[in-house]
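Please open the structure in your viewer and keep the selection tool at hand. This tour goes from one stop to the next, saying what to select and what is there.

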Amino acid sequence: MRLKGRSYYIRKAHRYLGLFIGIQFMLWTLGGLYFSWTQIEAIRGEHLHHHAAIEPEGEMVSLSEAIAGKLVNGEKIDLSGVRIVRVLGETYYSVAFLDRELNDRRMLIRASDGRRREPVNEIEAAQIAVTSIHEPARVLSVELVTKEIAGGHHEYRGKPLPAWAVNLEHGEGVTAYIGADDGQVHAMRTNSWRMFDFLWMMHTMDFDGRDNINNYVLRAFSILGIITVMSGFLLFFVSSKNIRRLSRVLSRRKSTKY
């Protein structure tokens, strides 16, 4: 039986590697095109979000007076996370703190009298969402997002929890995420963002958290991609008539010399 040449096995390996890796290469390329041709501000929904100017009215209690006696045992205030915000027409101190389980939380303290506000409820969250978007939109549904729900690949991740997910009737499929503790819009998710998130997931190949580029799947595909490209270069050299002709000439010269 005649043994097949090395070019046959290189070609076969290159063909199957190309088929296996080619789909992922296509997804990487499509993702790169989408990222480079789309404005990140549009992805984040910033063109939809109406940022109202904060203009405190009347006298405000001092911050030290506002936070005095507001925490229970084990809770600690993060003064770097203190902001002045507006919630449904009123001015508040938004104070970041760690609860007893060391979860990052917020509390609202009314700037006019120093009273702590109850967390934003479902109806209030819907009002905030509607008044925060440029175009008029009807509320379709409201859902409370907790730490358990937002774990893994949820589109609202890395943001303050709990939060209200307010789905709006809008051509871009808008969902506004309102912090239950501070009444602020922390994210606007649209269909463009969801496409971005899917392509970014395929780019990093982190199918859970999306942002871990040190995962083994990405490493394996990167190595296989290099092998595929190198096998293509090798196939070119072993199958090129000019290269083979040059190799024979050099071989004859060497044999003649000796």
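How many aromatic pairs does a search of the whole structure find? The search finds four, where rings of Phe, Tyr and Trp (its six-membered ring) pair if their centres lie within 6.5 Å, and planes under 30 degrees apart count as stacked, over 60 as edge-to-face and the rest as tilted. This is a predicted model, in which local features need pLDDT of at least 70 and side-chain atom pairs count only at pLDDT 80 or more, while totals for chains, interfaces and linings use all residues. Residues are numbered from 1 along each chain as its sequence is written, and side-chain values use heavy atoms, leaving out hydrogens and water.

Select Phe25 and Trp28 to begin, whose ring centres are 5.6 Å apart with planes at 35°, so the pair is tilted. Both belong to helix H1 (residues 6–37), and because they are three residues apart there, about one helical turn separates them; helices are DSSP runs (H or I, at least four residues) and strands likewise (E, at least two), numbered from the N terminus. Trp28 counts as buried at 18% relative accessibility, whereas Phe25, at 31%, is partly exposed (buried means under 20% relative accessible area, exposed over 50%, partly exposed in between, with a 1.4 Å probe and protein chains only).

Next, select Phe35 and Phe196, whose ring centres are 5.0 Å apart with planes at 55°, so this pair is tilted. Phe35 lies in helix H1 and Phe196 in helix H6 (residues 191–204), 161 residues apart, and the pair thus links distant parts of the chain.
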